[in-house]
Amino acid sequence: MSIRTAQFAALALLVASSAAVSDDVAWDWSSNVEVQSRLFARNALWPGQGSQTAQVSLAATTELRWRNGDGDQRASIIPYLRRDSVDDERNLVDLQEAYWAREGDSFELLAGVNTVFWGVTESVHLVDIINQTDAAGDIDGEDKLGQPMVNLAWQQDWGLISAYVLPYFRERNYPGIDGRLRTPIPVDTDRPVYESSSEQNHVDVALRYSHYIGNVDIGLSVFSGTSREPRLVPANDAPVLLPHYDLIDQFGVDLQYTRDAWLWKFEAIARNGYSETFTAAVGGFEYTLYQVGESAADLGLLLEYQYDGRSELEPFTTADNDVFIGARFALNDAQDTSVLAGVAWDTGTGETFFNVEAERRIGDSITLELRARAFSGAGPQDLTYAVVRDDYVQIQLAKYF
Amino acid sequence: MKLKTTIGMILIVSFALAFAATADASTPEEKGFEIAARSDRSDIGFGDSEVELQMILRNAAGQESTRTLKIATLEKPDESVGDKSLVLFDTPRDIEGTALLSHAKILDPDDQWLFLPALKRVKRISSSNKSGPFVGSEFAFEDFTAIELNKFSYRYIGEEPCGDLVCDVIERSPRYENSGYTKQVSWVDQADFQIRKVEFYDRRGDLLKVLELKDYRNYDGIWRAHVLSMTNVQTNKQTDLVYGDYRFGAGLSENDFVKGRLSRLR
């Protein structure tokens, strides 16, 4: 119901704005539906998770884009819908994009909902902070929720300055009590605690500078507002964790040096958090062997080290003292077949996370994606003990229209 | 006497050679460069262009798959600087919005950024992969990015009929690193100075691919081929690029070819 309302409102807005401009208006409409099934290797560990080892979800996205005849105004509406067979908390109605933008010679003003990515590294995204993570959607932190914003981007010879005013906060979603891949005690997302008395209406601000000088790409960023990462604090009155969203200031830097087949990458943050100011960093390289064995395929080798100096009072992270080793194999065929395999190993605790992602197009409009994930090496005192029985394989088919 | 005759012969031969060289005005290298330069410079001043095209991939069994893309180009008239280009994919739908921005250099590696719409992520990528296939096609990255005059050294081979026209045949060898080719042989017609055909020779020196450039159309003095057929003679795979109408002078500027723009293209 709400999604239909949103679509209708979007359509009305687009039709209204297009009526005001001349011919040559460009519309683009596309959609996709996907079915995803997760097969877990073992029964769940924690109370409330149920006995099923299969979990199926359906998701649909539609993209409606518009650009005016002069080409200086554009708008976009991208609703996203997901329904899960087991876990209600994985159900989602989201607007990934719903904005209007106006371009000048060297600036662009954008108002509405958008998704923005910052950063360069592969194994963890420290600097990226504008959008909330759809943590129920995937554990890799790469699924995001749309963020309401006013964004002014200003392009000069010496780089791009992008300023953000973020008037509304999106809460992180978490798997519910029925779901897998969750904390031993579930997170009650209906009872968030905010440091700001304005709660979700606190206005966050952010500024980013990005440019490149020869082989070096650089990004500098600052964010002030409500942390996208909550602390998870046990409730006094029920066996649940409550998300506590603190006000933070965070400075970020991301660098990439590109030379021959080498990409050297580095990201670091300093955050004035709940209890202290801490730093975190990730750095490493990606080296690609092109046309291995005289085939058309490329093999990329990745190595990154993750450091995080935060205390246990801050939102927890698993990427605190870990080595990530990965390989990316791209066939460069007509079906865009690729495989990414990686291992993240905590040098302190020995916890290890294995991840394989493979994808391929079938025909012109279907994609098949396989993911396999496994966890090992965690003792009962370790964070990833929470998911110790949640090794799984995920098969996802998507159809594009 | 004998010595004198020899000296005389040498003198005569030398004069003859010198005369021949003057008549021809150049060495084969100079003549090759002249022909390539005349062809390359025939579109000087086009400013900027936009075009939509279909890329049709065909495997040895004849199975086809199609990609549609848009290419925007900003001319850099200075021949010591490369053009800037932006490739935006429309289909297949799962890669819709994927974009590749290239700042071509002459001998140094190009600067390239890739935009991945699923993550909204802009990635600086290595451009040393000159010889790798461009999006699974028979075109390598080095075939697809701007062909700059000074990226090659040239040698004139001779002239041959090509269709209804007469072509100069010149050999060009990449001067930049990481090329997949030892040489390319190109046929340039003597009427409009456009490239009609190119043969690509691999690192072993064997013929690898043949490119035919067809359906040339004239836009107020600027020629553009509208069908480019690349056939890999070693695998029998083929890729056709079928272009729509070019739009010149669309008023594109440097700010349309910056990495910060990649997330704002659609």
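Two strands count as paired if DSSP finds at least two bridges between them; strands (E, at least two residues) and helices (H or I, at least four) are DSSP runs, numbered from the N terminus. For V193(A), the bridge partner in β12(A) is H244(A). The model is a predicted one, in which local features need pLDDT of at least 70 and side-chain atom pairs count only at pLDDT 80 or more, while totals for chains, interfaces and linings use all residues. Residues are numbered from 1 along each chain as its sequence is written, with chains lettered from A and ligands numbered from 1 in the order in which they are written.

The pair belongs to an open sheet of three strands in chain A, ordered β8-β12-β11, and the pairing is mixed. β8 (193–194) and β11 (231–234) of chain A sit at the edges with a single partner strand each, so one side of each has no neighbour in the sheet.

Turning to chain B, there are three helices and 14 strands, and the C-alpha trace spans about 85 × 45 × 35 Å along its principal axes. Of the 266 residues in chain B, 36% are buried (20 or more other C-beta atoms within 10 Å of the residue's own, with C-beta atoms placed from the backbone).

As for the two chains together, 35 residues of chain A are in contact (C-beta atoms, placed from the backbone, within 7 Å) with 23 residues of chain B. On the side of chain A that touches chain B, β6 (147–156), β9 (204–213), β13 (247–259) and β21 (392–400) of chain A each supply at least two residues.

Conventions:
Buried ≥ 20, exposed ≤ 12 C-beta atoms within 10 Å, placed from the backbone.
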